[in-house]
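I opened this entry to keep track of what I looked up, in the order I looked it up.

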Amino acid sequence: MTIDEAREQIKKLEDYIKLVEGYVPETFEQYAIKLYVLHEHVARVANLLNDLGFRIGKRKVIGTDVSDILRAKPTDELHELAVKLFKQNKKMVKGR
């Protein structure tokens with residue numbers, strides 16, 4: 001790796017951090033997206049959403065609900081990132 005490549009990597013990571021830290025979720029879907037980017041685990045995100053008091057109708061949030069949000073058409077930059085991470089994680093699980 002050259003110095004220029006390292007600088008480019010650092011810049012990408014700094015941009016990633018700014019995007020995630022600057023994202024202020026306002027809806028259930030946005031909370032799910034941000035939590036997925038932070039944790040990259042569907043079931044853990046569902047549990048965290050339940051802990052935050054979110055419900056779908058009268059039932060608790062389950063992993064499938066989070067997966068459905070991640071499969072939906074991206075609505076913003078963080079959602080695009082979450083979809084990309086979700087697809088990468090699915091490929092890794094399939095490869096086991």
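Among contacts in the protein between residues at least 6 apart in sequence, what percentage join residues at least 24 apart? I got 40%. The model is a predicted one, and I read every value below as computed from it.

**Overall layout**

I counted five helices and two strands in the protein. Read along the sequence, they follow the pattern α-α-α-β-β-α-α. For the extent, I took the box along the principal axes, and the C-alpha atoms fill roughly 55 × 35 × 25 Å. I then looked up the accessible surface, which comes to about 7,000 Å². Carbon and sulfur atoms hold 54% of that surface. Of the 96 residues in the protein, 31% are buried.

**Nonpolar core**

Next I listed the largest nonpolar core, which has 22 residues. Those touching the most other members are Tyr36, Val37, Leu49, Val61, Val66, Leu70 and Leu78. I checked which elements give two or more residues to this core, and found helix H2 (28-39), helix H3 (42-51), helix H4 (63-71) and helix H5 (77-94). H2 gives the most, with six residues. As background, I noted that nonpolar side chains in soluble globular proteins tend to be buried together.

Not counting residues up to four places away in sequence, Val66 touches Val42, Val45, Ala46, Leu49 and Val61.

**Val42**

Val42 turned up in that list, and I looked at it separately. Val42 sits in helix H3. Is Val42 buried or exposed? Its relative accessible area is 17%, and the cut-off for buried is under 20%, so Val42 counts as buried. Leaving aside neighbours within four places in sequence, I found Val42 in contact with Tyr36, Gly63, Val66, Ser67, Leu70 and Phe86. Phe86 is 44 residues from Val42 along the chain, yet their C-alpha atoms are separated by 8.8 Å.

**Asn89**

I moved on to Asn89, which is in helix H5. Why does Asn89 count as buried? Asn89 does so because its relative accessible area is 16%, and buried means under 20%. With residues up to four places away in sequence not counted, Asn89 touches Tyr36 and Glu40. Tyr36 is also on my list of contacts for Val42.

**Phe54**

Where is Phe54 placed? I found Phe54 in the loop between H3 and strand E1 (55-56). Not counting residues up to four places away in sequence, Phe54 touches Phe28, Tyr31, Leu49 and Val61. Leu49 and Val61 are also among the contacts I noted for Val66.

**Largest pocket**

Last, I looked up the largest pocket, which has a volume of about 370 Å³. How many residues line the largest pocket? I counted 13, of which Lys12, Tyr16, Leu19, Leu81 and Lys84 lie nearest its centre. Helix H1 (3-22) and H5 each supply at least two residues of the lining. I sorted the lining by residue type and got five nonpolar, two polar and six charged.

Notes
Residues are numbered from 1 along each chain as its sequence is written. This is a predicted model: local features need pLDDT of at least 70, side-chain atom pairs count only at pLDDT 80 or more; totals for chains, interfaces and linings use all residues. Side-chain values use heavy atoms; hydrogens and water are left out. A nonpolar core is a set of buried Ala, Val, Leu, Ile, Met, Phe, Trp, Tyr and Cys residues joined through side-chain atoms within 4.5 Å. Buried means under 20% relative accessible area, exposed over 50%, partly exposed in between (1.4 Å probe, protein chains only). Helices (H or I, at least four residues) and strands (E, at least two) are DSSP runs, numbered from the N terminus. Contact means heavy atoms within 4.5 Å. On a 1 Å grid over the protein atoms alone, a cavity is a set of points where a 1.4 Å probe fits but cannot get out, and a pocket is an open set with protein on both sides within 12 Å along at least five of seven lines; lining residues have an atom within 4 Å of a point. Grid points are joined across faces, edges and corners, and a volume is the space filled by probe spheres set on the points. Ala, Val, Leu, Ile, Met, Phe, Trp, Tyr, Cys and Pro count as nonpolar, Asp, Glu, Lys and Arg as charged, and the others, Gly among them, as polar. Accessible areas come from the Shrake-Rupley method with a 1.4 Å probe; for residues, only the protein chains shown count as cover.
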